Amino acid sequence: MVIDVSRRKIIAFLCRAENTNNPSGFQFALPGSTMTERPTPSISSRKQPKQARAVELISAILEAAVQVLASEGAQRFTTTRVAERAGVSVGSLYQYFPNKAALLFRLQSDEWQQTGGLLRTILEDGERPPLERLRRLVHAFIRSECEEAAVRGALNDAAPLYRDAPEAHEAKASGERTVQTFLCEALPETPEAMRDLAADLITTTLSSVGKDFSGSPRTDAEIEAYADAMADMFCAYVISLGHR
């Protein structure tokens, strides 16, 4: 089963939820780094929207930023191009994002939140057997990687601007906790150390393979076949752990 999520709806939801203290979400793999301090103001949003009109403005800016990033890449991504695409003045954009680093950081944070929500929605679905959940996760993640390949690739290019942010650390840790909780349910008799290893292996493999596979255009049939094969591999691995 494939979960199809509208990016426009996601952006609008994230704008409305911006004043909450909820962690950013989850990205399957992040470059290793030492966490030091909160993001500096240069990559943090300048102010938070409080009125519906401001929320709509940020939604338009983020939608335009996604389009510019996908079409131009990180190197040619500028606040001027984003403002032109959004149909707003650069001054209006600067009210909320002081520079392109802040805008790219917001897009990456939203990406973490989107992926984290996908992970939790599927793996915490107690009405489905664990292996079915794992299979659904693989299909949804691989398809998402392929559909968002241009944007994710550009965000990876811009990663040096924000990869030391604490949000990156929390995003990765949040995802690991979700997978570990899932494996604890699926493999209650398996030693904790073995479950932790399995969680790391599954998330790292899924991220690396998803990035490589989505690097080239893929048909629906190719995506389905590849996801099926990967899901078979993960399910067989989890079953084998339960027999040890």
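Leaving aside neighbours within four places in sequence, Phe-213 is in contact (heavy atoms within 4.5 Å) with Ile-142, Cys-146, Arg-218, Glu-222, Ile-223 and Tyr-226. The model is predicted: local features need pLDDT of at least 70, side-chain atom pairs count only at pLDDT 80 or more, and totals for chains, interfaces and linings use all residues. Residues are numbered from 1 along each chain as its sequence is written, and side-chain values use heavy atoms, with hydrogens and water left out. The secondary structure of the protein chain amounts to 10 helices and 0 strands, where helices (H or I, at least four residues) and strands (E, at least two) are DSSP runs numbered from the N terminus.

**Phe-213 and Tyr-226**

- Phe-213 belongs to helix H9, and Tyr-226 belongs to helix H10.
- Phe-213 is buried, with a relative accessible area of 4%; buried means under 20% relative accessible area, exposed over 50%, and partly exposed in between (1.4 Å probe, protein chains only).
- Tyr-226 is partly exposed, its relative accessible area being 33%.
- Along the chain Phe-213 and Tyr-226 are 13 residues apart, and their C-alpha atoms are separated by 8.7 Å.
- Apart from neighbours within four places in sequence, Tyr-226 is in contact with Val-209 and Phe-213.
- Between Tyr-226 and Arg-143 the C-alpha to C-alpha distance is 9.9 Å, with 83 residues separating them in sequence.

**Nonpolar cores**

- A nonpolar core is a set of buried Ala, Val, Leu, Ile, Met, Phe, Trp, Tyr and Cys residues joined through side-chain atoms within 4.5 Å.
- The largest nonpolar core has 29 residues, of which Val-138, Ile-142, Leu-183, Leu-206 and Phe-234 touch the most other members.
- Two or more residues of this core come from each of helix H5 (100–123), helix H6 (130–147), helix H8 (166–186), helix H9 (192–213) and helix H10 (220–242).
- H10 supplies the largest share of this core, 9 residues.
- Another core, of 25 residues, lies apart from it and includes Ile-58, Leu-62, Ala-64 and Val-151.
- Residues up to four places away in sequence not being counted, Ile-142 touches Leu-206, Gly-210, Phe-213, Ile-223, Ala-227 and Met-230.

- Two packed helices are described by the angle between their axes and the distance between the axes.
- Axes are lines fitted to C-alpha atoms, for helices over the stretch in contact, and angles run from 0 to 180 degrees between N-to-C directions.
- H6 and H9 pack at about 40 degrees, and their axes are 8 Å apart.
- H6 is therefore oblique to H9; angles under 35 degrees count as roughly parallel, over 145 as roughly antiparallel, 65 to 115 as roughly perpendicular and the rest as oblique.
- H6 and H9 form a right-handed crossing; a crossing is left-handed if the near helix is turned anticlockwise from the far one by less than a right angle, and right-handed if clockwise.
- From H6, Val-138, Phe-141, Ile-142, Glu-145 and Cys-146 meet Leu-206, Ser-207, Gly-210, Lys-211 and Phe-213 of H9.
- The contact of H6 with H9 has 6 nonpolar, 2 polar and 2 charged residues; Ala, Val, Leu, Ile, Met, Phe, Trp, Tyr, Cys and Pro count as nonpolar, Asp, Glu, Lys and Arg as charged, and the others, Gly among them, as polar.

- The crossing of H5 and H6 is right-handed.
- On the H5 side Thr-115, Leu-118, Leu-119, Ile-122 and Leu-123 make the contact, and on the H6 side Arg-133, Arg-136, Leu-137, Ala-140 and Phe-141.
- By class, 7 nonpolar, 1 polar and 2 charged residues form the contact of H5 with H6.
- For H6 and H8 the angle is about 150 degrees, and the axes are 10 Å apart.
- Pro-130, Arg-133 and Leu-134 of H6 meet Phe-182, Glu-185 and Ala-186 of H8.
- The contact of H6 with H8 has 4 nonpolar, no polar and 2 charged residues.

**Chain totals**

- Of the 244 residues in the protein chain, 46% are buried.
- Among contacts in the protein chain with a separation of 6 or more, 80% join residues 24 or more positions apart.
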